[in-house]
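Hi,

Here is the structure I promised to pass on.

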Amino acid sequence: GSKGSFFFFFFFFFVQGFLMSESFFDLFVGTYSLSLPWAPGGHGVGVHPLRVSCDTAETETRQAPAPLYCASYQIIDATRRVLYSTSETLTTDPEFGIVSAYRIQADGSLELLNTKSTHGHGCCYLSFGLGNQYLFSANYCTGQIIVFRLEADGRIGDETDFHSLPFVNRSQDANVNTDRQCDWSHAHCVLLDPANRFAFVADLAMDMVYVFAFDQ
């Protein structure tokens, strides 16, 4: 898929890292918390702070993981001080998905700042708008995009916009993929153009990219 991801000890996770010195990488690794077709055997507990040697490629655990259910995607802001993570709930889960903000401490641990509901399931993608001023989120399972304002300290602020993507049942199409084209729209990615004028949203149900004007 479009997510930067890979398998490791039966976890499926997205890695965010940045160079801390000439000798080490700090990595933040999100994990799935249950077994899924694309993440068999998943039993992760959240976002794991790791460190990798640039010389030997050996990995060590820096701190205990920050607990979070199905933390499948993370991004780090331009200051390298705040990490944001999805919580990718399924439609069978009783609670909606959430996005969480964490302050990255000097020792590598993650301090929870706050969380916000995504009003849907399968929150799978995050991106920034206008630098660090807005956070965009995509719900894969229920086909929505949500925009949040970001506070000066990195906390997730008020929701400024919400869209449900249109859906047409394609079960009669000759080449339909029944796994993803007969139930909901599936927003899988949301990105702004370099001028921050338009948001582009990929929908894996309709096989379309929607374009939304971004009113700053």
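A quick definition before the sheet: I call two strands paired if DSSP finds at least two bridges between them. Helices (H or I, at least four residues) and strands (E, at least two) are DSSP runs, numbered from the N terminus.

Please keep in mind that this is a predicted model, so local features need pLDDT of at least 70 and side-chain atom pairs count only at pLDDT 80 or more, while totals for chains, interfaces and linings use all residues. Residues are numbered from 1 along each chain as its sequence is written, and side-chain values use heavy atoms, with hydrogens and water left out.

On to the sheet. Strands E9 (residues 82–87) and E10 (residues 98–104) run antiparallel and are joined by six bridges.

Now the charged pairs. Searching the whole structure turns up five salt bridges, where a salt bridge is a side-chain nitrogen of Lys or Arg within 4 Å of a carboxyl oxygen of Asp or Glu. One of them links the side chains of Arg51 and Asp26, at 2.8 Å from N to O. Arg51 lies in strand E5 (residues 46–53) and Asp26 in strand E4 (residues 24–30), so this pair ties together parts that are 25 residues apart in sequence. Arg51 is buried at 18% relative accessibility, and Asp26 is buried as well, at 2%. For the cut-offs, buried means under 20% relative accessible area, exposed over 50%, and partly exposed in between (1.4 Å probe, protein chains only).

Another salt bridge brings together the side chains of Glu111 and Arg103, at 3.2 Å from N to O. Here Glu111 is partly exposed at 32%, and Arg103 is partly exposed at 27%.

Then there's Asp193 with Arg197, a salt bridge at 3.8 Å from N to O; Asp193 counts as buried, at 12%. Finally, salt bridges with shared partners join Asp26, Arg51 and Arg62 into one network.

Cheers
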